[in-house]
Amino acid sequence: MSTSKARWAAVTGHSLFWPVVALIALLVANTIYRPGFLSVEMKDGHLYGSLIDILRLAAPLILVGLGMTLVIATGGIDLSVGSVCAISGAIACLHISQQPDQNALGGVLVALALGVGLSLVLGVWNGALVSIIGIQPIIATLILMVAGRGLAQLITEGQIITINSEPYKAVGVGYLLTLPLAIFIAAGVALVVAAVTRRTALGMIIESVGGNAEASRLAGIRSGRITFLVYVISAVCAGIAGFMITANVSSADGNAAGLWIELDAILAVVIGGTSLAGGRFSLGGTILGALLIQTLTTTVYAMNISPQTSLLFKAVVVIAVCLIQAPAFRARFARRRPAAPAAPTAADQPKEQVPA
Amino acid sequence: MTTTSLTPTRDWWRIPQRYVPVLATLTLLLVMYGVGVSQYRAFSNVQVIFNVFIDNGFLLVVAVGMTFVILTGGIDLSVGSVVAMTAMMSASLLQGGVHPAPVLVIALLVGPMLGFLMGCVIHFFEIQPFIVTLAGMFFARGMCTFISKSSIPITDPFWTSMAQERIGDPKGNFVSISVLVAFVVVIVGAFVLAYTRLGRNVYALGGNQQSALLMGLPVGQTKIAVYAISGLCSAIGGILLSFYTLSGAPLIAVGMELDVIAAVVIGGTVLTGGSGYVFGTVLGVLVLGVIRTLITFDGSLNSWWTKIVIGGLLFAFILLQRLIGIRKK
């Protein structure tokens, strides 16, 4: 095989090759359709433009996706993130709406702390179900996904709580150094997660738990604690995303906040090349996946197609990405199969818990 | 019901372990019904039970299909969207003046077709059912709005007669035709699972796919078949829903897949596959229906309590499955 051919194969074989191609194709299509798409203007010290909007709107998805990546890396899945978004947004908005001065920074900070605290509790619940009781992740988090919507509506008492708080609104639409604040929050969380997982052994430990929880435990890793931890991280990320989603519209709707975000987040993770079977993850890929999904959504809106019909395009993207990645998946399965002995007692082995 | 004895004694009073979840569901259903009857006088009316069936007939049909899929250890997230797509397509074709007979045929073909395709992708490309049916869900939901952005009313005489036909006793208690269709689907589903080769294969596949393959069972065919069956059940469910609402709306049955999965799990089917019964699924659907009825009767509880209670029940039943699973070891 000639070297150029080999290099071409290496480029196309990279797990992020097709997502990048898709993203570029979308951007090009947008630019052809609307020549002003790529322009970014400076107004009142803020940058404006479609690209900035995409970044800002993708921020919650990136946050949820980061948490989801870690969960999926352990071979689990977290379906409850949308409900957690709704709950944390609802409790924060409820607290702010009860303040005499909604613009007081102190009240907003307490509201944010309440939201994060509640998300922590929900994460602990998910983590306990999966790692201590040993329920399959898809089902354990399904419980909170169903009940969580009810809880969010319970907090808002079925109403849409509208607030008028500048500091809270800033989380969603505020600006810092010409760029939307949400981008900085997402980037900050991404950096922290990346630093903690890639600069310490934690990332490798998470991957090893995803590869084989039982083997990792025998090797001296506390698999249960790692599993527990990723669900807590995922819930906290979702909680912060919930602030952004509710701050964007300055209101909390227990039914609509964060609806479908779990599916978008899983999609982003899969597009980013993280295997749903666990054992490997790519944070950069997830961020790319989230940007791709948001670009797709924005494109569909810009082309005057109804938001629901955008699901058609998402379906095409999911299947296309999965099919393209499938041979790689199969090769990996083929290599892994002889190495994994059929363990009948592997009830608490996360790898078997996502129904295959 | 429980015993800590480790020796496998076969006492006559000992309930086989595989029946425990179904019996627990049955007990729960009876208790809930008892609570309803003791609290509200009108609850003992036979029509209340019939209404539960009338309101949940389509859910029952879809849940039978989901039982097949979950028994193989898979999951089908597309059911709610396929239900909506079928209802939407029927409504749109009828509006276009097509005769009801071809409409029924087309509507009943599209669902299984989509299920068949998803099954093929799952089997041949070894992609997780979760993600494939997620794509199917997006696709079907997108098709709904593609067909029409707003709700389409159905005025076809066949449809309206199916919707209004009441089959009942002289005392005025009645069921709709949908309920009879649902019963037929349940009986056929239960028969296929219990007495046919396909049914045995489904259980074998869910028990252990590797073993099923080594035994020479047609793993691929079975896998594709269950998704096609689920698609067919969703299509029938969609038609029943269009009988019930006499319209097709793009956002109907959103989140239904969760209700269906909850019903199947509450009905005692183990989510890793290999264990469960259609009868349990019927009980699971009834439990959901009775919860809704109780909350309606109460009046002071709000609709969101339904979700919280369903979540709580899901938790309790999964815990029960888990406990039985531990004891098996």
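In the largest nonpolar core, which has 215 residues, A:Val318 and B:Leu314 are the members that touch the most other members. Such a core is a set of buried Ala, Val, Leu, Ile, Met, Phe, Trp, Tyr and Cys residues joined through C-beta atoms within 7 Å, and a residue is called buried if 20 or more other C-beta atoms lie within 10 Å of its own, with C-beta atoms placed from the backbone (12 or fewer: exposed; in between: partly exposed). The greatest contribution to this core comes from helix α11 of chain A (residues 223-249), which gives 17 residues. Helices (H or I, at least four residues) and strands (E, at least two) are DSSP runs, numbered from the N terminus.

The model is predicted, and local features therefore need pLDDT of at least 70 and side-chain atom pairs count only at pLDDT 80 or more, whereas totals for chains, interfaces and linings use all residues. Residues are numbered from 1 along each chain as its sequence is written, while chains are lettered from A and ligands numbered from 1 in the order in which they are written.

When residues up to four places away in sequence are not counted, A:Val318 touches A:Leu267 together with B:Ile131, B:Leu134, B:Ala135 and B:Phe138. Between the two chains, 39 residues of chain A are in contact with 43 residues of chain B, where contact requires that the C-beta atoms of two residues, placed from the backbone, lie within 7 Å. On the side of chain B that touches chain A, two or more residues each come from α5 (129-147), α11 (256-266) and α13 (304-328) of chain B. This side of chain B comprises 26 nonpolar, 11 polar and six charged residues, with Ala, Val, Leu, Ile, Met, Phe, Trp, Tyr, Cys and Pro counted as nonpolar, Asp, Glu, Lys and Arg as charged, and the others, Gly among them, as polar.

Chain A contains 14 helices and six strands, and 51% of its 356 residues are buried. Helix α4 of chain A (residues 81-97) reaches 24 Å from its first C-alpha to its last, close to the expected 24 Å, a span given by 1.5 Å times one less than the number of residues. Because 15 of the 17 residues of α4(A) are buried, this helix is largely enclosed by the rest of the structure.

Chain B has 13 helices and four strands, and 51% of its 329 residues count as buried. Its C-alpha trace spans about 70 × 55 × 35 Å along the principal axes.
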